[in-house]
Amino acid sequence: MIRTNENYSKLKASYLFSDIAKRVDEYQKNNPEANIIRLGIGDVTKALPKECIKGFHAGVDEMADDATFRGYGPEQGYDFLRQKIAQHDFQSRGANIHADEIFVSDGAKCDTGNFQELFANDIKIAIPDPVYPVYLDTNVMAGRTGTFENGRYQGLIYMDCLKENHFLPKLPDEPVDLIYLCFPNNPTGATATKEELALWVDYAKENRALILFDAAYEAYIRDDELPRTIYEIKGARQVAVEFRSYSKTAGFTGTRCGYTVVPKECMIYDANGDAVFLHSMWTRRHTTKFNGVSYPVQKAAEAIYSDQGKVQVKALVDYYLKNADIVRQTVTELGFDYVGGKNSPYIWVDGKGRDSWEFFDLLLKKASVVCTPGAGFGKCGQNYIRISAFNSHENVQLAMKRLKETL
Ligand code: MLT
């Protein structure tokens, strides 16, 4: 008899953003005249940068000719892209990362979700609250948690990110084995300084722990003092894996490309406590379960690093950051406390005691504006909503006008 993975029964019925999409579709069906503005899921709205389109076209043209056609590519990505990533995203910032430590993939959601399968099931995991739900749900699916009680899965160490601690997780009081960090943070938009990240790197070294560092939003950092990668921190090569995405950097949400960095020194430990190279394990996993990102998409990604590509990508990110300014200005005028929106496309708004799902419903039904209820990211988000800056200036301005009329 074929049987279920019982861990799935511990999960909430649907994934946060599918749940929201269902509610919004239902509302639209019942109110066909409503002009809904979506500031919920962080999905980009502007076209790919022109240089990326050129690269994409060039890749497609090569596929159309027997002489230049490509079949299976290297699972870890083509060297032309990996070299550029290492040089422009890391070495240019003084971070010692090499092309053969880069694993090109179809995005950070898949990689952050998949990476946990390299670890034992009885490890102790520290996870921020609020948190991007993929880290949590994939560990639930793998059986690393108990049941969901009072808004939390049993067996995990939750790190509360609250106003009192500037939305930064505190080092756990007990030793943990795996730590999830994300900066600039999704959902709060909070950022971490080099000194703050150094505390985590030191902690991981002392405890033989591993940090999974999600840097999907690093392109939004405009403050030069803030680290763009965890590898700007001394010692991070031994204890941190970093996830990157072109989704929010270059508008690739529908194009799909990102990468994961696994430094060669990074170690995990077997049942006897002997060190194992994580790079070899991830190579084994990646080459077995993944066949590489399509050639034209990698050509499009490569174009991000050309002189023109860099200018265009910066302009794209600036466009969304301008929206974030508009949102910040409005929530300030309305007297709400918030964090984020400065080096991040997300604004985490304190709903002044309102339940986050009620706040979500109010904005949907009275303003036809979609946000993300904070509770979807964890217990600490119960009284918050997340507003995303991903939409056109016109729509964001209109949405903010409606918020002013509604609240
Ligand atoms: C979000 O809205 O949190 C992100 O768009 C989700 C994702 O990147 O998968």
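Please keep in mind that the model is predicted. The ligand lies between two domains, because both domain 1 (6-47 + 308-406) and domain 2 (53-306) give residues to the shell around the ligand. Strand S9 (residues 240-245) is mostly covered, with six of its six residues buried. Two cis peptide bonds are described below, one from Phe-183 to Pro-184 and one from Asn-186 to Pro-187.

**The ligand and its surroundings**

- Ten names make a handy list to highlight in your viewer: the ligand is surrounded by Phe-17, Ile-41, Gly-42, Lys-109, Tyr-132, Asn-186, Tyr-217, Lys-248, Tyr-346 and Arg-386.
- Sorted by class, this shell has five nonpolar residues, two polar residues and three charged residues.
- Gly-42 takes part through its backbone, where a polar atom is 2.7 Å from an oxygen atom of the ligand.
- Asn-186 uses its side chain instead, with a polar atom 2.9 Å from a ligand oxygen atom.
- Lys-248 also brings a polar side-chain atom to the ligand, at 2.9 Å from one of the ligand's oxygen atoms.
- Of the 270 Å² of accessible area that the ligand has on its own, the protein covers 85%.

- Strand S8 (residues 210-214) runs parallel to S9, and four bridges join the two strands.
- Ala-219 sits in the loop between S8 and helix H7 (236-239), and it counts as buried because its relative accessibility is 9%, under the 20% cut-off.
- Ala-219 and Arg-244 are 25 residues apart along the chain, and their C-alpha atoms are separated by 9.9 Å.

**The loop with the cis peptide bonds**

- The bond joining Phe-183 and Pro-184 is cis, with omega at about -15 degrees.
- Pro-184 belongs to the loop between strand S7 (178-182) and helix H6 (194-207).
- The peptide bond from Asn-186 to Pro-187 is cis as well, and its omega is near 20 degrees.
- Pro-187 is likewise placed in the loop between S7 and H6.

- Asn-150 is not a glycine, yet it has a positive phi of about 50 degrees.
- You will find Asn-150 in the loop between strand S4 (148-149) and strand S5 (152-153).
- Asn-150 counts as exposed because its relative accessibility is 67%, over the 50% cut-off.
- Arg-256 is another non-glycine residue with a positive phi, near 70 degrees.
- The loop that holds Arg-256 runs between helix H8 (247-250) and S10.
- With 30% relative accessibility, Arg-256 counts as partly exposed.

- Four strands form an open, antiparallel sheet in the order S13-S14-S17-S16.
- Its edges are strand S13 (338-340) and strand S16 (372-373), each of which pairs on one side only.
- S16 and strand S17 (residues 384-388) run antiparallel and are joined by two bridges.
- His-393 lies in helix H13 (residues 393-406) and is buried, with a relative accessible area of 14%.
- The side chains of His-393 and Asn-323 make a polar contact at 2.6 Å.

Technical notes: Residues numbered from 1 in each chain as written. Predicted model: local features only at pLDDT ≥ 70, side-chain atom pairs only at ≥ 80, totals over all residues. Heavy atoms only, no water. Near = heavy atom within 4 Å. Polar contact = N/O pair within 3.5 Å; in protein donor to acceptor, adjacent residues only side chain to side chain. Areas by Shrake-Rupley, 256 points an atom, 1.4 Å probe, with all protein chains shown as cover. Nonpolar A, V, L, I, M, F, W, Y, C, P; charged D, E, K, R; others polar. Domains from an automatic or database assignment. Buried < 20%, exposed > 50% of the residue type's maximum accessible area, 1.4 Å probe, protein only. Pairing = 2+ DSSP bridges.
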